[in-house]
Amino acid sequence: MALSSFDIDAPRWDQTTFMGRLKHFFNITDCRTALLSDSRLDEAKALVESCRAGSAPPGTSVEQLYYAKKLYDSAFHPDTGDRMNLIGRMSFQVPGGMAITGFMLQFYR
């Protein structure tokens with residue numbers, strides 16, 4: 001796929017199917033991205049914004065753009081574009097929910 005025709009805001013998977021929505025959900029809730037550095041997240045945001053502006057850096061692959069979009073979607077607020085704190089990120093929902101559930105079960109009585 002040529003980068004000139006690449007739409008970074010288009011869904012990567014077909015959102016009209018269950019499997020497409022499931023892949024999208026697993027992609028943005030990937031807990032491996034929860035502890036990345038702020039500088040790495042800012043680089044991803046810059047790459048996404050440059051792609052939206054139509055000026056992706058030379059040598060950028062589609063897979064790099066998809067990964068940058070994954071980081072952007074999992075760590076930045078969709079309306080304001082601000083980086084969210086760790087516990088508010090989509091990438092922290094699974095491990096955070098597991099910890100909360102574990103504590104609730106541990107201290108049941």
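Predicted model: local features only at pLDDT ≥ 70, side-chain atom pairs only at ≥ 80, totals over all residues.
**Overall fold**

The protein chain contains four helices and zero strands. Following the sequence, its pattern is α-α-α-α. Along the principal axes, the C-alpha atoms of the protein chain fill a box of roughly 60 × 35 × 25 Å.

**Contact of α2 with α3**

Helix α2 covers residues 38-52, and it packs against α3 at an angle of about 115°, with the two axes 8 Å apart. Angles of 65 to 115 degrees count as roughly perpendicular, and α2 and α3 are therefore roughly perpendicular to each other. Their crossing is left-handed.

On the α2 side, the residues in this contact are Arg40, Leu41, Ala44, Lys45, Leu47, Val48, Cys51 and Arg52. On the α3 side they meet Gln64, Leu65, Tyr67, Ala68, Lys69, Leu71, Tyr72 and Ala75. By class, the residues of the contact of α2 with α3 are 11 nonpolar, one polar and four charged.

**The largest pocket**

Rolling a probe the size of a water molecule over the atoms shows where empty space is left. In this model, the largest pocket holds about 170 Å³ of space. Its lining is made of 13 residues, and those closest to the pocket centre are Ala10, Arg12, His24, Lys69 and Asp73.

Which elements give two or more residues to the lining of the largest pocket? They are α1, residues 18-28, and α3, residues 62-75. Helix α3 gives the most, with four residues.

| Class | Residues in the lining |
|---|---|
| Nonpolar | six residues |
| Polar | two residues |

Key
Residues numbered from 1 in each chain as written. Heavy atoms only, no water. 1 Å grid on protein atoms, 1.4 Å probe; cavity = no way out; pocket = protein on both sides within 12 Å on 5 of 7 lines; lining within 4 Å. Points joined across faces, edges and corners; volume = space filled by probe spheres on them. Nonpolar A, V, L, I, M, F, W, Y, C, P; charged D, E, K, R; others polar. Axes fitted to C-alpha atoms, helices over the stretch in contact; angles between N-to-C directions. Parallel < 35°, antiparallel > 145°, perpendicular 65-115°, else oblique. Left-handed = near helix turned anticlockwise from the far one by under 90°. Contact = heavy atoms within 4.5 Å.
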